[in-house]
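I opened my notebook and went through this structure a piece at a time. Here is what I looked up.

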Amino acid sequence: MIDIICFSTTPWDPIPTRKQQIMKRMPQNCRIFYLDPPVTLIGPLKDPSLKPYLTRFRKSPKRIKENLFVFALPPIIPFYNKKRAINKFNQKMIANFVKEVIYQNFDLKSPIIWTYMPNTVDLLEHLSYSFLVYDCIDKHSEFQGFIDKALVESMEDELAQKSNVVFTTTQGLYNKLKQLNAHTYLVPNGAEFEHFNKASNKLPVPDKMNNIPRPIFGFVGVIHTWIDTQLIEYLAREKREWSFVLIGPVGAGVSIDNLKKLSNVYLLGRIDHRDLPQYVSQFDVCLNLFRTNKLSENVSPLKFYEYLATGKPIVSTSMPQIEEFSDVVYIGKNYEDVLVKCIQALQEAQNPNIERIEKRIEYAKQTSWDSRVAQIIDILKREGIDIE
């Protein structure tokens, strides 16, 4: 039995991301302990929805399946990405919790530590482990908030150097970390192919979309600071006859007041993951609109691979990870160009190009989570992990 402790940047519920997709596909000879990220003691002041997480660590773990458990961690002191001393204190506390609640109760000796968080480098001295995996999915130093970019960069560099294997989601992240660790591999994000491929068929119209006029330009995902809401506003004002449907929660600190004022923008909020194909099925064009900055340069957008599985036309802002699919995606270089690409994508939606549809779906098959995890398992085997 191989034990894996996964330090994640996102809670297991409610939105599945790379972390959940990989961990739930690990072979049966792995026992997975998935740790939801801790909230800071002042986190609920900024985002009240975080309040339950302050005490969730006291509850029993959630068992997802026979070999997969989800744990909550105790709250931590804020400003850990600004002061290394604070991070060291937090990580020692987390390590003590993990030893007491997981190592002792589940008889762990030297598990694999699989982390997504640069600051976990400071807990390594407090935990025994046999193998260290750093799965780098973002340019962490470019996130907004209370951070010292140089500190985050230095912690990530240390973590990469100490890791047995480093996975990255983009070429830019790979180029940086490969210089620090020869055992660095590029494994981009993928699609839950079977689930989102359902949207390639015409499914019943959900009640929430009954009265939305066509054509429909749709977005699925959390509306974070890196989503270009100004671009969506620009498109909606330029094309009043188009409907813009945004599905997903709004991130903390993000204002969508201007979008709320527009009669052709429909903010549907969070939709259960199981129901998403029914909603995406109604889209004429799928939107992947990120702000152009250093953060988006190093993002492998999950929603993009899910859109591919639908076969539908996709309009995207320019991102390195999207350029390789330029033969089937409409990529805009600026606001005006994105509008032109939307017009072209709508023309395709109204006059379907079977060859393009099939090629998108084929790309999605090649980039499915099953294929991505198979690639990861193959790499781990080559690096000496007896995983089946």
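I started with α7, where Thr 229, Leu 231, Ile 232, Glu 233, Tyr 234, Leu 235 and Ala 236 are buried (buried means under 20% relative accessible area, exposed over 50%, partly exposed in between, with a 1.4 Å probe and protein chains only). That makes α7 mostly covered, with seven of its 10 residues buried. Helices here are DSSP runs of H or I with at least four residues, strands are runs of E with at least two, and both are numbered from the N terminus.

Before going on, I noted that this is a predicted model, where local features need pLDDT of at least 70 and side-chain atom pairs count only at pLDDT 80 or more, while totals for chains, interfaces and linings use all residues. Residues are numbered from 1 along each chain as its sequence is written, and side-chain values use heavy atoms, with hydrogens and water left out.

What do the buried residues of α7 pack against? I found β10 (243-247), α8 (257-260), β11 (265-269), β13 (314-317) and α13, taking contact to mean heavy atoms within 4.5 Å.

I then took the pair α7 and α13. Two packed helices are described by the angle between their axes and the distance between the axes. The axes are lines fitted to C-alpha atoms, for helices over the stretch in contact, and the angles run from 0 to 180 degrees between N-to-C directions. For α7 (residues 229-238) and α13 (residues 335-350), the axes come within 10 Å and cross at roughly 55°. So α7 and α13 are oblique to each other (under 35 degrees counts as roughly parallel, over 145 as roughly antiparallel, 65 to 115 as roughly perpendicular and the rest as oblique). The crossing of α7 and α13 is right-handed; a crossing gets that name if the near helix is turned clockwise from the far one by less than a right angle, and is left-handed if anticlockwise.

On the α7 side I listed Gln 230, Leu 231, Tyr 234, Leu 235 and Glu 238, which meet Tyr 335, Glu 336, Val 338, Leu 339 and Cys 342 in α13. By class, this contact of α7 with α13 has seven nonpolar, one polar and two charged residues. Ala, Val, Leu, Ile, Met, Phe, Trp, Tyr, Cys and Pro count as nonpolar, Asp, Glu, Lys and Arg as charged, and the others, Gly among them, as polar.

Next I looked at α11 (residues 302-310) and α14 (residues 354-366), which pack at an angle of about 130° with their axes 6 Å apart. α11 and α14 are therefore oblique to each other, and their crossing is left-handed. From α11, Tyr 305, Leu 308, Ala 309 and Thr 310 meet Arg 360, Ile 361, Tyr 363 and Ala 364 in α14. I sorted the residues of the contact of α11 with α14 into six nonpolar, one polar and one charged.

**Asp 36**

Is Asp 36 buried or exposed? Asp 36 is buried, since its relative accessible area is 7%. I found Asp 36 in the loop between β2 (30-35) and α2 (43-46). Leaving out residues up to four places away in sequence, Asp 36 touches Thr 10, Pro 11, Trp 12, Tyr 53, Val 70, Phe 71, Ala 72 and Leu 73. Its side chain reaches the backbone nitrogen of Trp 12 at 2.8 Å.

**Lys 333**

Lys 333 sits in the loop between β14 (330-332) and α13. With a relative accessible area of 54%, Lys 333 is exposed. Not counting residues up to four places away in sequence, Lys 333 touches Ser 318 and Glu 323. I also noted a polar contact between the side chains of Lys 333 and Glu 323, at 3.3 Å (a polar contact is a pair of N or O atoms within 3.5 Å; within protein, one must be able to donate a hydrogen and the other to accept it, and residues adjacent in sequence count only if both atoms are side-chain atoms).

**Backbone notes**

Which peptide bond is cis, with omega near 0°? I found the one from Arg 214 to Pro 215, and Pro 215 is in the loop between α6 (193-197) and β9 (216-220). A cis peptide bond also joins Asp 13 and Pro 14, with omega about 5°.
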